[in-house]
Amino acid sequence: MVIGCAELEGERFLSKFVALNLVDQFKIKTMNQFMALLRRFVPPYKKYLALNVFFNILAAVLTLFSFALIIPILEMLFKIKEATYVYMPVDSGSLKDVAINNFYYYTQESISYFGPSATLALLGAALVVMTGLKTGATYLSSYYIVPLRSGIVRDIRNFMYDKVVKLPISFFTSERKGDVMARMSGDVAEVENSVMASLDMMFKNPIMIVVCLSTMIAISWQLTLFVLVLLPLAGMVMGRVGKRLKRKSLEGQQQWGLLMSNIEETLGGLRIIKAFNAEGKVCGRFHRENDVFFRISNKIARRQSLAHPMSEFLGTAAIAIVLWFGGTLILSGGSPITAPEFIYYMVIFYSIINPAKDLSKAMYSIQKGLASMERIDKILNTDNPIKDPARPVDIESLRGAISYKGVSFSYGSNEVIHDVSLDIPAGATVALVGQSGSGKSTMADLLPRFYDVASGKLTVDGVDVRDLRVHDLRSFMGNVNQEAILFNDTFYNNITFGVKDATMEQVIEAARIANAHDFIMETEDGYETNIGDRGCKLSGGQRQRISIARAILKNPPILILDEATSALDSESEQLVQQALDRLMRDRTTLVIAHRLSTIRNADMICVMHEGRIVERGTHDELLSLGGYYRKLVDMQSMQ
């Protein structure tokens, strides 16, 4: 009775010790981050996770049963046991004792009928079958983890892209585009290669370790307690290396973002780089940043490559110590287990070593991937200040009356719009002119809520734009910018961009109004011709007329023209201006003009200076004032 109580207390102590040791091995902080990542992305794939866990448990159990066949094989080979066994009914004892006894009983009967050699062959065949079942279960566990891994990575990419598309313009004025691209490509790839590639190991190996440890405790809790004394030291060493790896991985991903930004800027400014003979300068800058990334990558790879040899060395040392300790007990006759049981125990213990090594490698990979996930979360968790109202106002149709009421706006601490008030009647054309930096484009950007006003109020048909859904507000507006923003697609898809269910007749009519139909039809495939990256196969005037056709097809009640003709030659400007005149007919139009000749017929011209409207009136009225507008006209007439 005393011995039984001591064994029970020893098992309780061992269970607590095992739990504490596993906590130390997994490192609470890293595992919490890993589990938080799974809670975010795994729910749609719970079925695959459940199947993976089931087959992992099945594989672990089959592994133990296949190893258990080693004991009778060894006892038969070395003739260790000569006892006689009698069949025991199921209710005659504990399940473990009944199973072991009856297994030996049937083995003994087989030896009597078929002989030792045939029985040995049968046990060997059973071992092969059990191993086949085990490997089949292992394959199925990996089979069902694949869609979970791939699905999570796909979802992260989708979430990243959706978030980038929905973020306001202001986000990209403070972030490098190349760094955003690096997070969407390199960091997501790192999460895929590190965290997701480790999912199978993170689910399979702990199950294997727990099942094997439970079996080791059942065989000899005293010996298992001695084994577990060795593991916390290894956990401390591995954890310290892993912590440094995560820190270096974060530095590496940040440096990769700088490289991507450098590449993006170089490709965008290649014409200027060549014009100013700055190839050497940009190459030198890139080489310096690439060398920094090279050094960081070396440190990361060296620390990561340390995982396998370190875990193998520590595992082999642990096996050697346990082999010495258990072997000494058996040789001295003081061991609670027999020699075949000890061999079985060592086989199980050795079967923990590989999962433990894989688990340590997985922990390294996860710590590296979590560093990338932190950079991804910086975008995913970014708050979008341009939100739909809780109770939006619904407007079925819009007349197009616009009113700026005491509007102010700042980029950070730099106020660029100061208390501006402006009323634009429905159907009127109002032009904003002034020197660069006077706030013209910002005034236009506030209208579709690319930015929100800092103070004051901006209304459309008397409704504050912040009380409308963002989608609804922008659906009433069309934009034609100084730089025609086109996509690497066909004429048809660029003109119908953002317009659903447009017919070819409608597209052709929009192109005719925009003076674009003739040059489109001159191309090889007409409206199905690809126009290249950003419309690189077209001239500036052609690109602008395609963007005008896009606005015509949308047929918005409000039109924003941001210096739509300033970058064109005289002939192209005339064609584009004709298309704009047709587009502006019967619409409320806000024109930002650099060439004053293009807005002579505007209903009202507003002159902006340092964020304020300093003059307003028609072309003739402003000329008669002899103020800012007259100076602008005189300067352009002298050019």
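The following dialogue examines how structural terms apply to this predicted model.

Tutor: Local features of this predicted model need pLDDT of at least 70 and side-chain atom pairs count only at pLDDT 80 or more, whereas totals for chains, interfaces and linings use all residues. Residues are numbered from 1 along each chain as its sequence is written, and side-chain values use heavy atoms, with hydrogens and water left out.

Student: What makes the largest set of 59 residues a nonpolar core?

Tutor: A nonpolar core is a set of buried Ala, Val, Leu, Ile, Met, Phe, Trp, Tyr and Cys residues joined through side-chain atoms within 4.5 Å. Buried means under 20% relative accessible area, exposed over 50%, and partly exposed in between, with a 1.4 Å probe and protein chains only. Ile-152, Ile-156, Leu-199 and Phe-349 have the most contacts inside this core. Elements giving two or more residues to the core include α3 (46-68), α6 (116-166) and α15 (339-380); α15 provides the largest share, 17 residues. Helices (H or I, at least four residues) and strands (E, at least two) are DSSP runs, numbered from the N terminus.

Student: Which residues does Phe-349 contact, leaving aside its neighbours within four places in sequence?

Tutor: Contact means heavy atoms within 4.5 Å. On that basis, Phe-349 touches Met-216, Val-227, Ala-318, Ile-319 and Val-322. A second core is separate and has 39 residues, among them Val-433, Ile-495, Leu-580 and Ile-599.

Student: How do you know that the span of α3 is close to the expected one?

Tutor: The expected span is 1.5 Å times one less than the number of residues in the helix. For the 23 residues of α3, the expectation is 33 Å, and the distance from first C-alpha to last is 33 Å. Its buried residues include Leu-49, Asn-52, Phe-55 and Phe-67.

Student: Why is strand β9 (residues 604-609) called largely enclosed?

Tutor: Of its 6 residues, 5 are buried, so the rest of the structure largely encloses β9.

Student: How do you know that β9 pairs with β3 (residues 429-433) and β10 (residues 612-617)?

Tutor: Two strands pair if DSSP finds at least two bridges between them. β3 and β9 run parallel with 4 bridges, and Leu-432 has Cys-606 in β9 as its bridge partner. β9 and β10 run antiparallel with 5 bridges, and Ile-605 stands opposite Gly-617 in β10.

Student: What makes β2 (414-424) and β5 (463-464) edge strands?

Tutor: The open sheet has 4 strands in the order β2-β1-β4-β5, with antiparallel pairing. β2 and β5 each pair on one side only.
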